[in-house]
Amino acid sequence: CHSDRTGDANLVDAFCAQLQASGEYDPKAENRFAPAICNRLDRGTEGLVIAAKKYTALRDMNEIIRNDWMKKEYLTITIGAPPAGRHVACCIGPFALCRIGLITGRTHQIRAHLAYLGHPVLGDIKYGNRNMNEKTGFKTQALCAQRLTFGNIPEENTLHYLSGRVIKLADPEIVKQFDALERKPGQE
């Protein structure tokens, strides 16, 4: 999401460039605020990210996140199905497509927890199963921030209109990747 030592393209710069091209943001005229990302995703994770064009939106979205008025759900492909918990899973051979409810949002929370349970995220090079990653050809973690569900946001928050709304990534790549695993030979 943000620039780092790799120098790779990042979402913050792309967002600012798009706003600048559309005339919604002029960095030369603004000296106190730059459009920003409200949440982030690990490198290699696909999905929904919230961005703010204005300071009030950033402030109020940060309040929503801080007060847990928004729930995030992820889709992930794991090696084997994790034990019962805050997830729903369907299985193809040795893999499971899981819907995971995020609790704290700590760095690598989902990836580290699933690895600890013995069912790492497919493609995860830090916590995952190297042999299975090589066998399937996954080079980044199969993890997608797929759904945001807004709870009851107080009326004094300028983003109150989001109360009860669900924002969902309609056709995430991870579902196609999971379906493709079913067709790969030798995945028994």
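By salt bridge I mean a side-chain nitrogen of Lys or Arg within 4 Å of a carboxyl oxygen of Asp or Glu.

A word on the source. This is a predicted model, where local features need pLDDT of at least 70 and side-chain atom pairs count only at pLDDT 80 or more, while totals for chains, interfaces and linings use all residues. Residues are numbered from 1 along each chain as its sequence is written, and side-chain values use heavy atoms, with hydrogens and water left out. Helices (H or I, at least four residues) and strands (E, at least two) are DSSP runs, numbered from the N terminus.

Back to charges. Side chains of opposite charge can pair when their charged atoms come close. How many salt bridges does a search of the whole structure find? Nine. One joins lysine 71 to aspartate 68, with the closest N and O atoms 2.7 Å apart. Lysine 71 is partly exposed, at 40% relative accessibility. Aspartate 68 is partly exposed too, at 41%. Here buried means under 20% relative accessible area, exposed means over 50%, and partly exposed lies in between (1.4 Å probe, protein chains only).

Now α2 itself, residues 55-66. Its 12 residues should span 16 Å at 1.5 Å a residue, and the end C-alpha atoms are 16 Å apart, which agrees. The expected span is 1.5 Å times one less than the number of residues. Leu58, Asp60, Met61 and Ile64 are buried in α2. They pack against β1, β3, β4 and β7. Aspartate 60 has a relative accessible area of 4%. Its side chain meets that of arginine 59 in a salt bridge, 2.8 Å from N to O. Arginine 59 is partly exposed, at 38%.

Next, α1, residues 11-21. Which residues of this helix are buried? Val12, Phe15, Cys16 and Leu19. Seen down the axis of α1, they fall within an arc of 95°, so they line one face of the helix. That arc is taken from the directions from the helix axis to the C-beta atoms. The buried residues of α1 pack against β1 (36-37) and β3 (51-52). Glycine 23 follows α1, with a positive phi near 85°.

Cysteines, quickly. A disulfide is a pair of cysteine sulfur atoms within 2.5 Å. The count comes to zero. Cysteine 90 is in no disulfide; the nearest cysteine sulfur belongs to cysteine 91, 6.9 Å away.

Threonine 78 lies in β4, residues 70-79. Its relative accessible area is 0%, so threonine 78 counts as buried. Contact means heavy atoms within 4.5 Å. Threonine 78 touches residues including Pro94, Cys98, Leu114 and His119. Glutamine 141 is in the loop between α4 (130-136) and β7 (143-150). Glutamine 141 is buried as well, at 7%. Residues it touches include Asp42, Arg43, Arg111 and Asp124.

How values were computed
Lists of a residue's contacts leave out its neighbours within four places in sequence.
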